[in-house]
Amino acid sequence: MAKLSATKIDSNAEIDGIWTTYDLGIRLKIARLGNQKYREYMRKIGRPHQLQIQHGTLDDATMETLSREAVAHTILLDWENVEDEDGNALKYTPELGEELFKDTAYYDMLQFVVAFASKTENYRARFIKESLGNLSSASAGTSNGEETLQ
């Protein structure tokens with residue numbers, strides 16, 4: 001049997017995000033898909049399309065655009081170890097995220113963010129506590145206790 005408490009979600013991590021490694025050492029801070037900020041943002045940007053959404057007539061391209069925008073503003077929150085073509089550190093902004101996710105060359109990054117944000121286990125309090133415990137344990141290894149989706 002499983003303890004009910006093992007299914008608890010860390011409500012702070014849901015909104016504030018957790019760090020994970022993407023590719024080539026790039027670290028992403030990702031909030032949980034469907035969190036309160038995401039839902040509020042989707043309602044806000046969906047208002048002009050409300051009738052189409054209610055009637056199921058909103059075209060796929062518009063829905064994908066709205067979803068990408070919401071992910072850039074409320075799900076991908078930050079990144080580390082990212083630089084521009086000149087080698088300068090590149091600070092994450094939601095506007096930059098929107099532009100990035102419009103480019104099909106970055107589709108894999110968008111899919112990674114959505115997949116990580118959709119995985120309940122990543123936001124369980126138990127998982128986060130165990131991951132932090134792995135970070136503080138003395139080890140000669142290189143693991144930092146983070147979840148990395150493949």
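This section describes the fold, the charged pairs, the aromatic contacts and selected loop residues of a predicted model.

The chain contains seven helices and three strands. Along the sequence these elements follow the pattern α-β-β-α-α-α-β-α-α-α. The chain comprises 150 residues, of which 31% count as buried.

Charged side chains were examined next. Side chains of opposite charge can pair when their charged atoms come close. In this model the count comes to four salt bridges. One of them joins Glu80 to Arg27, with the closest N and O atoms 2.8 Å apart. Because Glu80 belongs to strand 3 and Arg27 to strand 2, this pair ties together parts of the chain that are 53 residues apart in sequence. The two partners fall into separate accessibility classes: Arg27 has a relative accessibility of 19% and counts as buried, whereas Glu80 is partly exposed, with a relative accessible area of 34%. The value for Arg27 places this residue in the buried class because that class covers relative accessible areas under 20%.

A further salt bridge links the side chains of Lys102 and Glu99, at an N to O distance of 3.2 Å. Both residues lie in helix 5, where they are three residues apart, or about one turn of the helix. Lys102 is partly exposed, with a relative accessible area of 48%, and Glu99 also counts as partly exposed, at 49% relative accessibility. Arg124 and Glu121 likewise meet through their side chains in a salt bridge, with 2.6 Å between N and O. Glu121 has a relative accessibility of 23% and counts as partly exposed.

Positive charge is also found in a surface patch, which is formed by Arg39, Arg43, Lys44 and Arg47. Of these residues, Arg43 is placed in helix 2, which spans residues 36-46.

The aromatic contacts were then considered. A pair of aromatic rings is described by the distance of the centres and the angle of the planes. The count comes to four aromatic pairs. In one of these, the rings of Phe112 and Phe116 have centres 6.3 Å apart and planes at 20°, so the pair is stacked. Phe112 and Phe116 are four residues apart in helix 6 (residues 107-118), and about one helical turn therefore separates them. Both residues are buried: Phe112 has a relative accessible area of 9%, and Phe116 has a relative accessibility of 0%. Phe116 also pairs with Tyr123; the centres of these rings are 6.2 Å apart and their planes stand at 75°, so the arrangement is edge-to-face. Tyr123 is buried as well, with a relative accessible area of 0%. Phe116 thus takes part in a stacked pair with Phe112 and in an edge-to-face pair with Tyr123. Together with Tyr22, the residues Phe112, Phe116 and Tyr123 form one aromatic cluster.

Leu24, a residue other than glycine, has a positive phi value near 55°. Leu24 is located in the loop between strand 1 (18-21) and strand 2 (27-30). With 79% relative accessibility, Leu24 counts as exposed. Asn81, again a residue other than glycine, has a positive phi near 65°. The loop that holds Asn81 runs between strand 3 (76-80) and helix 5 (94-102). At 56% relative accessibility, Asn81 counts as exposed; the exposed class applies because this value is over 50%.

Gly34 is found in the loop between strand 2 and helix 2. This glycine is partly exposed, with a relative accessible area of 28%. The C-alpha atom of Gly34 is separated by 8.9 Å from that of Glu14, a residue 20 positions away along the chain.

Conventions:
Residues are numbered from 1 along each chain as its sequence is written. This is a predicted model: local features need pLDDT of at least 70, side-chain atom pairs count only at pLDDT 80 or more; totals for chains, interfaces and linings use all residues. Side-chain values use heavy atoms; hydrogens and water are left out. Patches are made of residues with over 30% relative accessible area and no salt bridge: like charges are joined within 9 Å, nonpolar side chains (Val, Leu, Ile, Met, Phe, Trp, Tyr) within 5 Å. Accessible areas come from the Shrake-Rupley method with a 1.4 Å probe; for residues, only the protein chains shown count as cover. Lys and Arg count as positive and Asp and Glu as negative; His and the chain ends are not counted. The place of a charge is taken as NZ of Lys, CZ of Arg, CG of Asp or CD of Glu. Helices (H or I, at least four residues) and strands (E, at least two) are DSSP runs, numbered from the N terminus. Buried means under 20% relative accessible area, exposed over 50%, partly exposed in between (1.4 Å probe, protein chains only). Rings of Phe, Tyr and Trp (its six-membered ring) pair if their centres lie within 6.5 Å; planes under 30 degrees apart count as stacked, over 60 as edge-to-face and the rest as tilted.
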